[in-house]
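Visitor: Please take me through this model feature by feature, giving the general idea before each case.

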Amino acid sequence: MTPISIIIPTLNEQGYLPRLLESIVGQDYKCAYEVIIVDGGSTDQTVNIVHEYMKQIPTLSLYKYKKGTSRQRNYGVTKAKYNYLVFLDGDTELTKYSLKRIAKDIKNKDDFVAVPVLYPYDGKLIDIIFGAVAYLYFLAVSRTNPIISGMCIITTKRTHDRIGGFNEKMAHAEDIDYGLRAYHSGSKYHIFFNVTVTSSARRLSQIGRIKLGRMWMRWYKNVIKDREIADRDKAAYEFGKFK
């Protein structure tokens with residue numbers, strides 16, 4: 001199988017991080033992997049929770065770095081031992097066979113960027129429908145301007161280094177920008193339909209489904225057009241805001 005480096009940026013994730021770490025503990029995966037958590041200055045119990053799981057996950061390491069999803073992810077890559085990278089948000093959760101299936105799909109792939117199937121573990125039926133519609137759109141634009149979701153990004157160091165990592169100047173939509181730059185620089189784009197990763201629906205419920213959908217579409221169009229995102233949306237989607 002294939003060694004994997006899992007990189008997780010955190011900021012005040014005490015309510016969700018245990019669920020993610022428990023899912024990592026429960027993986028049916030026999031190959032080498034490491035878990036790198038980069039904390040952006042949590043003021044809750046996030047750091048203590050990470051320390052508590054170090055016995056259950058011997059390859060778990062914790063680093064503290066400047067706040068910012070892109071900064072924290074990029075720093076995590078500098079600490080990664082393996083070529084294959086899996087970026088996860090702190091409120092995600094792996095299914096039992098996620099790593100095993102990821103390893104199977106990425107075997108012998110050198111230059112790519114991919115997303116799994118994502119759906120909410122605490123949402124309503126409307127949220128599942130929302131996600132299904134989103135994937136139809138992912139497929140529709142996959143050959144022109146494919147979409148990557150920051151909840152789970154699967155790629156390689158080769159791809160990451162070639163595009164200079166995540167754009168640390170972007171307040172948000174850095175995941176969309178990352179995927180587009182990777183694809184247009186020559187990386188293959190994949191949707192791994194046999195890999196499932198779940199995530200909290202907290203953004204959908206706190207911002208509003210219609211509002212969030214429109215926000216994401218606006219960011220996607222803006223990134224395609226000029227790589228810039230208006231700062232007026234920053235407060236509505238600030239890293240560490242969602243509890």
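Visitor: Does Asn108 count as buried or exposed, and at what relative accessibility?

Guide: A word on the source comes before the answer. This is a predicted model, in which local features need pLDDT of at least 70 and side-chain atom pairs count only at pLDDT 80 or more, while totals for chains, interfaces and linings use all residues. Residues are numbered from 1 along each chain as its sequence is written, and side-chain values use heavy atoms, with hydrogens and water left out. As to the scale, buried means under 20% relative accessible area, exposed over 50%, and partly exposed in between, with a 1.4 Å probe and protein chains only. Asn108 has 68% relative accessibility and therefore counts as exposed. Asn108 lies in the loop between H4 and E6, where helices (H or I, at least four residues) and strands (E, at least two) are DSSP runs numbered from the N terminus.

Visitor: Which residues of helix H4 are buried?

Guide: An α-helix has 3.6 residues a turn, so residues three or four places apart point the same way. In H4 (residues 98-106), the buried residues are Ser98, Leu99, Ile102, Ala103, Asp105 and Ile106. Viewed down the axis of H4, these buried residues fall within an arc of 165 degrees, so they line one face of the helix; the arc is that of the directions from the helix axis to the C-beta atoms.

Visitor: In what order do the eight strands form the sheet?

Guide: Two strands pair if DSSP finds at least two bridges between them. Here, eight strands make up an open sheet of mixed pairing, in the order E3-E2-E1-E4-E7-E6-E8-E5. Strand E3 (60-64) and strand E5 (92-94) stand at the edges with a single partner strand each, so one side of each is left without a neighbour in the sheet. From one strand to the next, the twist averages 30 degrees, with axes as lines fitted to C-alpha atoms (for helices over the stretch in contact) and angles running from 0 to 180 degrees between N-to-C directions.

Visitor: How many bridges join strand E6 to strand E8, and how many pair E1 with strand E2?

Guide: Strand E6 (residues 112-120) and strand E8 (residues 188-199) run parallel and are joined by nine bridges, with Pro120 opposite Ser199 in E8. E1 pairs with strand E2 (residues 33-39) in the parallel sense over seven bridges, and Pro9 stands opposite Val38 in E2.

Visitor: Which residues of E1 point one way, and which the other?

Guide: In a regular strand the side chains alternate between the two faces of the sheet. In E1, Ile4, Ile6, Ile8 and Thr10 point one way and Ser5, Ile7 and Pro9 the other, and all are buried.

Visitor: Which members of the largest nonpolar core touch the most other members?

Guide: In soluble globular proteins, nonpolar side chains tend to be buried together. A nonpolar core is a set of buried Ala, Val, Leu, Ile, Met, Phe, Trp, Tyr and Cys residues joined through side-chain atoms within 4.5 Å. The largest one has 65 residues, of which Ile4, Ile6, Ile24, Val35, Ile37, Leu88 and Ile154 touch the most other members. With contact meaning heavy atoms within 4.5 Å, and neighbours within four places in sequence left aside, Val35 is in contact with Ile6, Ile8, Ile24, Ile57, Thr59, Leu60 and Ser61.

Visitor: What does the side chain of Glu93 make a polar contact with?

Guide: A polar contact is a pair of N or O atoms within 3.5 Å; within protein, one must be able to donate a hydrogen and the other to accept it, and residues adjacent in sequence count only if both atoms are side-chain atoms. Glu93 belongs to strand E5, and its side chain makes such a contact with the side chain of Arg19 (2.7 Å). In the loop between strand E1 (4-10) and helix H1 (17-25) lies Asn12, whose side chain reaches the backbone nitrogen of Asp44 at 3.3 Å.
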